[in-house]
Amino acid sequence: MSTQSVPRPDEARRVPDRLRSPLGRLLKSWEVLLLLVAVAIFVANSFASPYFLDAWNLSDATFNFTEKAMIAFAMALLIISGEIDLSVAAIIALASTAMGAAAQAGIGPAGLVAIGLVCGLACGAFNGALVTGLGLPSIVVTIGTMSLFRGISYIVLGDQAYRGYPPGFAWFGQGYVWWVISVEFVLFAVFAVLFAILLHKTNFGRAVYAIGNNPVGALFSGIRVARVKFILFLLTGLMSGVAAICLTSRLGSTRPSIAFGWELEVVTMVVLGGVNILGGSGSIPGVVIATFVMGLVTFGLGLLNVPGIVMSIFIGLLLIGVIALPRLWAMARRE
Amino acid sequence: MGVFKRLMTGAAVAAAMAGGAQAQDDPVRIALVVKALGIGFFEAAHKGAEEAAEELGNVEIIYTGPTDTTAEGQIEVINSLIAQRVDAIAVSANDTDALVPALKKAMDRGITVISWDSGVAPEGRQLHLNPSSSPLIGNMIIKLAADHLPDGGEVAVLSATTTSTNQNVWIEEMNKVMGDYPGIEVVATVYGDDLADKSYREATGLMQTYPDLDAIIAPTSVGIVAAAQAVVDAGKVGEVNVTGLGLPSEMAGAIESGASKSFAIWNPIDLGYSATMLAYNLATGEAEAAPGAEIPMGRMGTLTLDDNTEGAMADPFVYDASNIDEFKSIF
């Protein structure tokens, strides 16, 4: 790993006496920038469409990103540690298929949740074992398991669908805790806090940064690199399981094409959130704001009936813009 | 400043609209939701919807859909349509079941929901518009052959597989109406398994076994193209007429060479037109969707709903030398 804790060239020449404060300032500025983008989009949307500022509509809009965001939190940690998991959408398909088969056998909501979580964990463990046990590159392993997990769903289901989930199961994806606050949104908020604490306030989180910056150095510092990475794959699998429960409950049915293509949207959220794709830096608040940015953009453009293709172009430009802006600013300042 | 105020204004507008006190000159907004944007078939349906809107006047068509054919993408589109409080949603669904919760929510908020082309489970829509029905298709495929055989003749059927449900039902329906076409005799039914090469061999075999064969009926888009090629290769253009169900883009060559005089499939323009008419009539309260109801759909006549609140639009549309050029670029 050639990645060092010098994400910007201009700061490389200054040797800081204390490492944390400039790094902290950098992260803060990224989040502030994103927050400004989010506010700008919010204001633009409320002027562009008379339907935007409506509590129920905004509540509906959160469903467009809450499930993906829950995976993005775990994915952020994994990418900070220098690994990636592209099989997350396929894990959703497999976990959803397992829950569908169980529902068919008459298992109740609690049992279905357990099956979804266990299936996610098992897939995560499989990825983790291949990456940390055999030392294979995670991008290759998870491209492989992406086909494997979804392939199993296709073999089980073919062109059929599982439906007839027990009535109580709909609570996770269609239920509301209070007024317009959906169950999914509460889960999203709770996991955001949990992952923020895990990454920013625990030894484990510090180990994740250390591994991402210099895995060999981390190993010689007494960090059990393989074990931390394995746990991160488990977490990503688990969060995919949670997303599978929410999405299956929201759709009320399972087809093998469920959540197709989500892995790229999840990675986009993470990168937009300021996580370095090469590992070593990033924050959960950044990812949280990024999920809102993406959710607001797609919903706002949807209200104006902008075709999905144009929407993808917009998201792409936004991603490039937000990443390029600090670089351009730094270059301009140097001259 | 003002976010809270705007929020309240938004809520007030919502309340006013939900109250049903809609001004007279507000257009009826009908959303035509397709499986994915950029597909010729659906672009043609959009054309039909605009035609219906023009005829009705005071109708705004919102043509939309996801980038790829996923249920999740369609749900996002439907959520944004619910937020815009459109008057009606007419959807060709990517998934029979997955759209039901989203569409139920739309109906709960007073939006008319119908499905067309590719249906939604009954609890997620008010009615479903099928492009055609099995009896109509069964009758059409034999009629296409008989129209060019005024003195009767021998015809053979080239089907898909022995277990293809659709084809078997259509052939069964065809056999029921054979009495209406005196002099026409079905001499054989063979199966090309919806594979181009096997269909080609079976068609060639038919012409060798029955030298007096006058027509091959292929109610499958793979079989009809293969049979037309077999007729051309055997030098029997003009002697053996290939007909059945096919896609204009794939059949344009066969029409040009004369191997096929005509064939049929649904017309996407009529489909979009009818879906819009139905959505309009339900949304304005001029008709109600219930089993047995008859709902007018402009120049396409009326739709009669069965016990599942489904209905068939019309006979499959006939394509021949006169209109193939117009449609071959569409689908």
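Colleague: Which residue does I114(B) stand opposite in β5(B)?
Modeller: I114(B) stands opposite L127(B), in a predicted model where local features need pLDDT of at least 70, side-chain atom pairs count only at pLDDT 80 or more, and totals for chains, interfaces and linings use all residues. Residues are numbered from 1 along each chain as its sequence is written, with chains lettered from A and ligands numbered from 1 in written order.

Colleague: And how many bridges join β4 to β5 of chain B?
Modeller: Three bridges join β4 (residues 112-116) to β5 (residues 127-130) in chain B, and these strands run parallel; strands are DSSP runs of E with at least two residues, helices runs of H or I with at least four, both numbered from the N terminus.

Colleague: What sheet do they sit in?
Modeller: In chain B they belong to an open sheet of six strands, ordered β2-β1-β3-β4-β5-β13 with parallel pairing, where pairing takes at least two DSSP bridges between two strands. At its edges are β2 and β13 (310-312) of chain B, each of which pairs on one side only.

Colleague: What about the four-strand sheet, which order does that have?
Modeller: That open sheet of chain B runs β7-β6-β8-β9, again with parallel pairing. Because β7 (184-191) and β9 (241-244) of chain B each have a single partner strand, one side of each is left without a neighbour in the sheet. Strand β8 (residues 213-218) of chain B is joined to β9(B) by four bridges, the two running parallel, and A215(B) stands opposite N241(B) there.

Colleague: Where are the domain bounds in chain B?
Modeller: The assignment, which is automatic or from a database, gives domain 1 as 26-131 + 268-314 and domain 2 as 134-265. The C-alpha centres of these two domains of chain B lie 33 Å apart.

Colleague: Switching to the interface, how many residues of chain B are in contact with chain A?
Modeller: There are 28 residues of chain B in contact with 30 residues of chain A, contact being C-beta atoms, placed from the backbone, within 7 Å.

Colleague: Which element of chain B supplies the largest share of that side?
Modeller: The largest share, nine residues, comes from α3(B), while α1 (3-18), β2 (59-64), α3 (71-83) and α4 (100-108) of chain B each supply at least two residues.

Colleague: How does that side of chain B divide into nonpolar, polar and charged?
Modeller: Its residues are 14 nonpolar, eight polar and six charged, with Ala, Val, Leu, Ile, Met, Phe, Trp, Tyr, Cys and Pro as nonpolar, Asp, Glu, Lys and Arg as charged, and the others, Gly among them, as polar.

Methods: Two residues are in contact if their C-beta atoms, placed from the backbone, lie within 7 Å.
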